[in-house]
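The sequence and the structure are shown first, and the description follows.

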Amino acid sequence: MSGDGTRCVHGGHPPVGAGEPLHPGPVLSSTFDLGTGDTLPTDFYGRAGNPTWRALESAIGDLDGGECVLFASGMAAIGAVLRLAARDGALVLPADGYYLARSLAHAELAPLGVAVREVPTAGPWPSPSLEGAALVLVETPSNPGLDVADIAAAADGAHAVGALLAVDNTTATPLGQRPLDLGADLVVASDTKALAGHSDVVLGHVSTRDAGLAAALREARSRGGAVPGPMEAWLAHRGLGTLDLRLERQARNAAAVTDALLAHPAVADVRWPGHPGDPAHAVAARQMRRWNGVLRFTLPSERAVGEFVAASRLVGSATSFGGLRSTADRRARWGDAVAPGLLRFSAGCEDPDDLVADVCRALDTTWTTHESHLRGTPVL
């Protein structure tokens, strides 16, 4: 199978016989029969393994181009990678990436003597900060800034000092980008987002081509208990079947919304790597197979953000992304070092004309109110 849609629909599903379900239900048992011999069967306890996990791991691994290990959340996946590498040297993290990855490293690992350094997503690669590193983590496109790291250059820099490169691929998805093909040792993602795609599960994974790393991650998962629920894995596998279709519509919507934002006076600092005018477009175009649906822009104030969301009929206020519905999240509320009015916007699967019209109406209302505030006159 080579096409994205075919692999999404059929991945992890073996051939079936007459009368067998095309999409078997989740295996909800925590215990399995051990048999009578000394050799344990493949499944013997729910914390160590589950057929429903393996079906989804097979599908994601095929898309990533490596061996996939599921985790209970994206943060559980990142945490396992950071803790595994922290034994061997410093950790280098994106200064402008997802804030909880930095928080975990600084709050839990640094007090144990692990050196934690930060480098901007865009580099430079290689960076002086890599010296003595055991792991370099990049997130590209970054969350929430939507900047782009040159994965091949970051891999060369990491490998030159003996470090592993891990790439957080959440915003790009495995259809948009295959970091393992570009030299990364590990790819990590929150499958809560676009991969599952329906805003109804919390899940994550790590993929690698190194069998030893995969085995270590599985052991860390079992030992630490960061295991996914079978129902969550089953729901994510169901959602994965439409990733190709959803990503196509989300990228189309992101492109249309980006064009509208660039033309509106209420908006500043629009970033979406798929736009030819984006500062990161050239690098993104070299390494991304397809565009995604996540962009960012800045409104004049925190108050303007509230007015925009209130005026919109289609855009919800939510802190995740990659779902069917378009959402916006004011990132400063979470502690990101961004302007008070910066919004991460997740383009959903609405009709493009409807979504653009709704966003423009909401922006018009926001701009009118903002201008009125500046003049000190009431809005009638």
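## Selected local features

The side chains of Asp-336 and Arg-331 make a polar contact at 3.0 Å; a polar contact is a pair of N or O atoms within 3.5 Å, where within protein one must be able to donate a hydrogen and the other to accept it, and residues adjacent in sequence count only if both atoms are side-chain atoms. The model is a predicted one, in which local features need pLDDT of at least 70 and side-chain atom pairs count only at pLDDT 80 or more, while totals for chains, interfaces and linings use all residues. Residues are numbered from 1 along each chain as its sequence is written, and side-chain values use heavy atoms, with hydrogens and water left out.

Asp-336 sits in the loop between β11 (327-330) and β12 (342-346). Helices (H or I, at least four residues) and strands (E, at least two) are DSSP runs, numbered from the N terminus. With a relative accessible area of 6%, Asp-336 is buried; buried means under 20% relative accessible area, exposed over 50%, and partly exposed in between (1.4 Å probe, protein chains only). Leaving aside residues up to four places away in sequence, Asp-336 touches Gly-97, Tyr-99, Arg-102, Pro-144 and Arg-331, where contact means heavy atoms within 4.5 Å.

Helix α11 (residues 302-311) has Ala-304, Val-305, Glu-307 and Phe-308 as its buried residues. These four cover an arc of only 165° around the axis, which puts them on the same side of α11; the arc is that of the directions from the helix axis to the C-beta atoms. An α-helix has 3.6 residues a turn, so residues three or four places apart point the same way. Exposed residues Arg-303 and Ala-310 are carried on the face of α11 turned away from its buried side. At the N-terminal end, Ser-301 caps α11, with a side-chain oxygen 3.4 Å from the backbone nitrogen of Arg-303.

Two helix pairs are listed below. Axes are lines fitted to C-alpha atoms, for helices over the stretch in contact, and angles run from 0 to 180 degrees between N-to-C directions.

| Helix pair | Axes come within | Crossing angle |
|---|---|---|
| α3 (residues 74-86) and α7 (residues 211-224) | 10 Å | roughly 115° |
| α2 (residues 51-64) and α8 (residues 230-240) | 8 Å | roughly 35° |

Helices α3 and α7 are therefore roughly perpendicular to each other, a term for angles of 65 to 115 degrees. Their crossing is right-handed, and the contact is made by Ala-80, Val-81 and Leu-84 of α3 with Leu-213, Ala-216 and Leu-217 of α7. By contrast, α2 and α8 cross in a left-handed manner. A crossing is left-handed if the near helix is turned anticlockwise from the far one by less than a right angle, and right-handed if clockwise. Among the residues that meet in this second pair are Trp-53 and Leu-56 in α2 and Trp-234 and His-237 in α8.

The backbone also deserves attention. A cis peptide bond joins Trp-125 to Pro-126, with omega about -5°, and Pro-126 is placed in the loop between β3 (116-119) and β4 (133-139). Another cis peptide bond links Thr-140 and Pro-141, with omega about -10°; Pro-141 belongs to the loop between β4 and α5 (151-160).

Conventions:
Parallel < 35°, antiparallel > 145°, perpendicular 65-115°, else oblique.
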